[in-house]
Amino acid sequence: MAESMKGFKRSHYCNDFNINDVGKEVCVAGWVQKQRDKGTLIFVDLRDRTGIVQLTFDEKTESAVFEKAKSLKSEYVIAAKGNVIKREAVNSEIKTGEIEIFVTELRILSAAQTPPFQISDKAKVNDDIRLKYRYLDLRRSMLQKNLKMRHDIARVAREYFYENGFLEIETPMMIKSTPEGARDYLVPSRVQNGKFYALPQSPQIYKQLLMISGYDRYIQLARCFRDEDLRADRQPEFTQIDLEMSFVDVEDILKINEGFIKRLFKEILDVDIPLPLPRLTYEDAMNRYGSDKPDTRFGMEITDISDLVKDSDFSVFSDAVTGGGSVRAIVAKNSAETLTRKSIDKLTEYVKGIGAKGLAYIRWVEDEPAYSFKKFIDIPNLTPILEKIDCQKGDVAFIVADKNKVVLPTLGALRLTVAKQLDIIPEGYNFLWITEFPFFEWDEELETFVAMHHPFTMPLDEDIKYLDTDKGRVKAKAYDLVLNGTELSSGSIRITDFELQQKMFEALGLTDEEIEAKFGFLVDAYKYGAPPHGGAGIGLDRLSMIMCGADSLRDVIAFPKLQNASEAMSECPAEVSAEQLDELGIILKTPEEE
């Protein structure tokens, strides 16, 4: 029968002890990690969220307490009183390894069945089982440390922004569905049958309204929802450190964010981040790294060799340049022994799978380089190419020819893949601002320009004149914060001029009726005096993942979703009763009807 804590009051967590506590009477509580019965001597490793401390029982222990200790099994919940003593055999693997607690009183608060897997970071357990029993998996020290670090990141965020004059204001969780770039999660209304709320993809519109309302510095740890496919760094529900500021321009917002990053990494990891952070325009990032979120911890930058091959006999190269595209290369230094022909064939299949037509290569092992287009370009004409891309003996070069929208992202993805294969990505934290994003991007299916960001993003002042005549030339006052190839934050300066906003809607092809239906309340608000403002949203989950050194968002979220957006533990989403559907006026189609 379970005992109570009456008369017991926990005095310390398990990891609170050191050699200076010897002689103290203490009370601890937690889970049994392991019990070792040596006959006249029993050792129990007691675990709580801070770590492990050893409990000791011997022939001096009261017999009833000793017998109780003999009955303990893994994951029993217990409380123990006793005295801190010096440990004879020091355990250097745990923080409390110099001491142990000689127990005088013991209570079994809850017995436990044998768990479906061992609660240990070293135990190899199928992910499906871990997620089904997530409440057990969360007892592992790794996950507890990760969630503690996530808590500390959130704490530092609040402290930093509070100190800089920001107010934390909550925005609604049930809002009007507006186009934000991803599919909404919809919530049917029982009271207004046939109508729907949407869960917010971000608090974007509300935080802009707060600026119009005079709350010139807003902060929120905001829950956001997007009904899109999952991957290692994406979940359908996520948290962002959301901020907005009035009477500012780009420099002000970048500066406040840089101050937060510097404070955060120093306080949590004791890492000094030099400021100001490096910057690249979107155009430069794409041309050099083939990505708008490049990992700059290693080189292997892209080089344009179009001018050297535009008149060559190799039609793959010359036709690409003639057709308005380009021919570009990356070089993997000192990789010729590792990147064999078989490896290159696999990489060729890889780039074909992401949209490229093929992959040309130069592999320099012998005195003379071997290359896939030797039939069309001889060694004398290859030499200028080798010099321009800095390809030397021992190196491998990869070349892609096509439209830039194919060449650049293909080489960007290949660059990362090859770097991981070669294991040349160093440890460290490389931050980077990407600025001056294109305002519009061409949609092949719709055959029209669409907003690359949300339609409230401000164009560069000098580009406003091109809105009617050359949309592809217009750049935005938009910026992303990138860390080690992961987008951490995205933001922009917002349009506050009513006439310019109308012009922007028109440039996107929206009719007056569509503008009124989707954004009417915000557009009306602009008519009553809107301060210049802008903001950003920092992904708390992604930031935590990188700072914890985790491989997946699952390792920094208490109850994550699977690839199909379900939760294995509670088995949601789940069916609901016919009565609930009737109340909402919803009729489900059968597979036959579909």
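In the predicted model, Phe376 is partly exposed, with a relative accessible area of 37%. Phe314, by comparison, counts as buried at 12% relative accessibility, because the limit for a buried residue is under 20%.

The structure holds 18 aromatic pairs. One of them is edge-to-face and joins Tyr133 to Tyr135, with 6.2 Å from centre to centre and 75° between the planes. Both members of this pair are partly exposed: Tyr133 has a relative accessible area of 25%, and Tyr135 has a relative accessibility of 46%. Phe314 and Phe376 make a stacked pair, because their ring centres are 4.9 Å apart and their planes lie at 20°, an angle under the 30 degrees required for stacking. Phe314 is found in the loop between helix H8 (306–309) and helix H9 (315–322). Phe376 is found in the loop between strand S15 (370–371) and helix H11 (379–389). The pair therefore ties together parts that are 62 residues apart in sequence.

Charged side chains also lie over aromatic rings. Lys81 is placed over the face of Phe8, at 4.7 Å from the ring centre. Arg415 is placed over the face of Phe298, at 3.9 Å from the ring centre.

An open sheet is formed by eight strands, in the order S6-S9-S10-S22-S21-S20-S17-S11, and its pairing is mixed. The edges are taken by strand S6 (167–168) and strand S11 (279–281). Each of these has a single partner strand, so one side of each is left without a neighbour in the sheet. Strand S6 runs parallel to strand S9 (residues 217–225), and two bridges join them. Within S9, Ile219 is the bridge partner of Glu168.

Two helices are described against this sheet. Helix H6 (residues 250–269) lies across S9, strand S10 (237–246), S11, strand S17 (431–435), strand S20 (478–483), strand S21 (486–493) and strand S22 (533–539). The direction of H6 makes about 130° with that of S10. Helix H7 (residues 282–289) also packs on the sheet, where it touches S11 and S17. H7 runs at about 90° to S11.

Strand S9 contains Ala222. This residue is buried, with a relative accessible area of 2%. Leaving aside residues up to four places away in sequence, Ala222 touches Pro203, Phe238, Thr239, Gln240 and Asp242. Ala222 and Thr171 are 51 residues apart in sequence, while their C-alpha atoms are 8.1 Å apart in space.

The count of disulfides is zero. For Cys548, the closest cysteine sulfur is that of Cys224, at 20 Å. This distance is too far for a bond, because a disulfide requires two cysteine sulfur atoms within 2.5 Å. Another cysteine, Cys391, counts as buried, with a relative accessibility of 4%.

Note on methods:
Residues numbered from 1 in each chain as written. Predicted model: local features only at pLDDT ≥ 70, side-chain atom pairs only at ≥ 80, totals over all residues. Heavy atoms only, no water. Pairing = 2+ DSSP bridges. Helix = DSSP H or I, 4+ residues; strand = E, 2+ residues; numbered from the N terminus. Contact = heavy atoms within 4.5 Å. Axes fitted to C-alpha atoms, helices over the stretch in contact; angles between N-to-C directions. Phe/Tyr/Trp six-rings, centres within 6.5 Å; stacked < 30°, edge-to-face > 60°. Buried < 20%, exposed > 50% of the residue type's maximum accessible area, 1.4 Å probe, protein only. Lys NZ or Arg CZ within 6 Å of the ring centre and 35° of its normal.
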